[in-house]
Amino acid sequence: MRCAAVILAVLALIGAMMTVEAAPRGEKYKVAVCSFGTFQEIDIDNLKVEGSEKSLYSLVIDGLLDTKKFSAFELDRATLDAAGVNYTGKITPSDAKKIGEVQGVRYIICGSVRNIAPIESECTVLSNGLKVFSVRARISLQMMDVTTGRYVKGAIGAGTSSSSHVRVGNDIHTLSIGTTKVAQTSVVNALWKAAQDATKSLAAEL
């Protein structure tokens with residue numbers, strides 16, 4: 001009997017750790033989005049959508065705004081640098097609290113790329129004979145409460161970009177995933193779809 005009571009108490013505590021304080025009616029969760037960094041030596045934050053200056057960092061913010069549940073913006077890196085606050089790599093509870101104070105937010109969202117993989121069965125042959133493969137990407141988002149330094153919600157998103165959408169020619173930008181060449185446009189498109197999927201999943205958790 002006592003053992004069961006202890007187990008229930010522990011489960012209740014875990015449940016409390018994983019809750020997010022509801023935003024006031026009519027208001028949105030104000031969050032700052034941290035950078036994604038690199039994946040297999042690819043600088044994810046600097047991958048750009050073709051024809052614009054939007055990076056994955058921006059795409060995640062756009063996805064959060066599209067859910068209508070978040071007021072999301074990028075970190076003020078200059079101010080954080082001046083304050084000596086770490087905002088890249090592993091974010092400690094102390095870092096999170098300082099970020100929250102500088103940015104004026106209760107929550108921050110950290111992201112990471114879990115996987116970018118070529119789809120071996122789908123490829124486009126360019127005019128120079130180079131094969132460019134379709135891409136499947138997965139990302140994860142973690143929402144941290146800066147007052148406690150704990151991750152309170154998380155979501156994983158997946159996206160696929162077909163190689164048939166790649167412009168056939170010799171002037172496209174390619175990236176190496178292992179020993180396989182993929183079009184940068186395909187990587188960005190797959191990541192964008194993964195960002196949309198992850199942000200929708202995160203919003204559904206709130």
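Q: What is the accessible surface of the protein, and what percentage of it belongs to carbon and sulfur atoms?
A: This is a predicted model, and its accessible surface comes to about 10900 Å². Of that, 53% belongs to carbon and sulfur atoms.

Q: How do you know how many disulfides the structure holds?
A: Look at the cysteine sulfurs: a disulfide needs a pair of them within 2.5 Å. The sulfur of cysteine 34 has its closest cysteine sulfur in cysteine 110, 3.8 Å away, so that is too far for a bond. Seen from the other end, cysteine 110 is in no disulfide either, with the sulfur of cysteine 34 as its nearest at 3.8 Å. The count for the structure is zero.

Q: What percentage of the protein's residues count as buried?
A: Out of 206 residues, 42% do.

Q: What makes up the fold, in helices and strands?
A: There are five helices and nine strands. Starting at the N terminus, they come in the order α-β-β-β-α-β-α-α-β-β-β-β-β-α.

Q: How do you know what share of contacts join residues at least 24 apart in sequence?
A: Take the contacts between residues at least 6 apart in sequence: 67% of them join residues at least 24 apart. To count as a contact, heavy atoms have to be within 4.5 Å.

Definitions and conventions: Residues are numbered from 1 along each chain as its sequence is written. This is a predicted model: local features need pLDDT of at least 70, side-chain atom pairs count only at pLDDT 80 or more; totals for chains, interfaces and linings use all residues. Side-chain values use heavy atoms; hydrogens and water are left out. Helices (H or I, at least four residues) and strands (E, at least two) are DSSP runs, numbered from the N terminus. Buried means under 20% relative accessible area, exposed over 50%, partly exposed in between (1.4 Å probe, protein chains only). Accessible areas come from the Shrake-Rupley method with a 1.4 Å probe; for residues, only the protein chains shown count as cover.
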